[in-house]
Amino acid sequence: MSALDSLDPEQRRAAEIVRGPVAVLAGAGTGKTRVITHRIAYGVEEGTYTPNRVLALTFTSKAAGELRGRLRAMGVVGVQAKTFHAAALAQLNYFWPTVAGDTAPRIVDNKVRLLAHAADAVRLRPDTNTLRDIAAQIEWRKVTMRSIDEFATLDRSVGAVSASALVDLMAAYEKLKDERRQLDFEDVLLACAGMIESEPRVAGAVREQYRHFTVDEYQDVSALQNRLLELWLGTRRDICVVGDASQTIYSFTGADASFLLDFGRTYPDSTIVRLERNYRSAPPVLGVANALMRDRPGALRLVAATADAEGPRPTVTAYDDDLAEANGIAARIRALLDGGSTPGDIAVLYRSHAQSAALTEALSRQQIPTSALGGTRFFDMPEVRQAILAIRAAAVAPSDLSFSSAVRDVLRGLGHSDEAPDAGGARRAAWEARQAILRLAEEAGDGSTLRGFADELLARAKDQHEPALTTVTLATLHAAKGLEWPTVFLAGASEGLLPISYATTLDGIDEERRLAYVGITRAERRLEVSWSRGGRAARRPSRFLSEIGTDTLREVGASATGSVGRG
Ligand code: ATP
Ligand code: MG
């Protein structure tokens with residue numbers, strides 16, 4: 001069985017060209033991530049790739065973990081899947097001592113605090129929010145590869161901080177950071193790039209290590225990341241990028257989809273593949289996604305791969321206030337669960353972190369366990385570390401219990417019970433985590449040993465191979481990118497939340513539309529959109545709702561539901 005077998009002809013075309021520059025430009029759910037994993041598997045299978053010389057790059061560690069998981073499921077081991085940042089940091093730490101003779105500088109742990117100290121030095125006292133906005137400008141300057149002088153020509157001010165004061169503060173920040181011998185997050189990429197540029201020995205060693213590069217979600221690459229990618233490549237051409245310009249949602253942090261769109265010009269010998277069929281979502285969901293992007297320049301129309309999978313019509317529900325919206329969503333999810341749905345198949349997505357508290361509370365009142373994407377990672381949870389240590393310790397004591405009973409016994413010793421505590425809160429999260437460990441033990445089967453199981457858990461921890469939790473996912477739209485769920489609730493579709501209040505320019509609104517698009521295209525079958533009038537504040541429905549064509553509103557008490565899209 002070949003890694004190419006389960007691909008359609010276009011996907012296969014992109015996957016079987018394992019050398020040379022390849023770009024896949026295609027819409028949501030068309031199998032881009034699938035193409036790159038199968039392409040890597042195929043390259044390994046037919047002997048072109050040595051696994052540890054393949055570097056797959058992503059923008060979040062969640063996405064890197066997802067890639068590793070998909071590769072592992074295909075039996076491919078040793079391929080590196082990392083964020084740009086993690087790859088750069090590893091190289092910096094490795095090569096710095098050989099170049100500079102000492103250890104690499106420390107990473108700034110609190111940029112805003114450091115910036116506040118720098119502000120003191122130039123006699124400025126911006127409030128915390130202004131400092132955060134200034135930090136964002138510093139980040140943007142670096143990832144777009146502008147010097148402070150170049151930034152100065154833009155004449156940008158932040159709040160009450162004038163353009164010239166901002167430039168002074170930027171210089172003071174760099175000076176203070178140098179004095180403390182620290183690097184910030186963006187400096188890691190800059191320093192890594194600088195080291196490869198100025199040290200031929202480092203460049204040689206780095207290019208010896210990695211030969212084949214793949215980037216998922218390439219529309220999100222910044223000028224700085226792209227520069228680093230070029231340096232890693234050197235004169236080689238083994239690069240495969242996949243992306244969708246309609247899902248560019250990090251422009252505000254310097255992402256630039258033109259690297260994706262111009263790939264064919266940058267690499268004239270490249271193969272460009274377009275994928276036409278969406279394998280993820282039912283036709284009614286695609287109808288809504290297409291309506292939202294209709295007439296947007298460069299937007300790709302999504303067509304369902306299989307005509308048979310109809311599905312419920314997406315709905316829009318209006319509520320009086322945020323509490324009613326959160327309770328309404330929780331009640332809907334309760335009904336779906338009672339009807340046989342699995343919590344892990346459901347996600348609630350929203351624009352801002354601030355929206356999550358009300359949703360988490362409403363769900364926990366309905367006894368629905370949740371976990372937030374981007375929260376504490378599974379293997380970083382103290383309860384999980386403690387459980388692994390306890391399983392290891394128990395391995396040395398003789399026992400006549402079967403393997404899975406022995407694991408259950410160890411977890412009981414840590415206070416685990418069969419009965420779940422009330423949903424919401426840290427106790428339930430800990431219980432869910434231990435429950436996931438039990439499921440892993442059951443999967444491992446009774447031929448396993450405690451020792452072997454502890455080692456397996458440690459190996460999983462090392463490459464962030466998290467077990468699936470059986471909880472409803474809560475996530476911001478940004479964190480949900482690349483992922484999919486059978487049922488998606490999109491909350492807060494009102495003016496001010498989506499588009500968010502500070503998106504006022506045309507570009508800003510377009511980015512918000514792409515965020516809504518990312519949210520909608522996460523749904524496989526069921527999509528339920530909602531918004532709240534915000535009590536007396538009288539919010540209006542999001543302009544995106546009229547773009548997707550809300551029809552007949554059904555009044556439910558003071559709330560209203562309607563279905564959208566033609567499918
Ligand atoms: P996004 O733009 O949201 O990141 P994507 O283009 O990366 O989406 P994938 O996540 O790779 O899309 O694929 C979407 C879903 O469709 C996945 O569940 C994937 O397994 C499935 N899929 C893709 N191609 C095929 C295929 N040829 N046959 C069956 N299922 C497929
Ligand atoms: Mg993808």
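**Conventions**

Contact here means heavy atoms within 4.5 Å. Helices (H or I, at least four residues) and strands (E, at least two) are DSSP runs numbered from the N terminus. Axes are lines fitted to C-alpha atoms, for helices over the stretch in contact, and angles run from 0 to 180 degrees between N-to-C directions.

The model is predicted: local features need pLDDT of at least 70 and side-chain atom pairs count only at pLDDT 80 or more, whereas totals for chains, interfaces and linings use all residues. Residues are numbered from 1 along each chain as its sequence is written, and side-chain values use heavy atoms, with hydrogens and water left out.

**The parallel sheet**

An open sheet of 6 strands has the order β3-β2-β6-β7-β1-β8, with parallel pairing (at least two DSSP bridges between two strands). Its edge strands, β3 (80–83) and β8 (271–275), each pair on one side only. Neighbouring strands are turned by 15° against each other on average, direction ignored.

Strand β2 (residues 54–58) runs parallel to β3 and is joined to it by 4 bridges. Within this pair, Leu55 stands opposite Gln80 of β3.

**Helices on the sheet**

Helix α4 (residues 84–100) lies across β2, β3 and β6 (212–215), at about 100° to β3. Helix α11 (residues 223–233) also packs on the sheet, where it touches β2, β6 and β7 (239–243); its direction makes about 160° with that of β6.

Conventions. Chains lettered and ligands numbered in written order.
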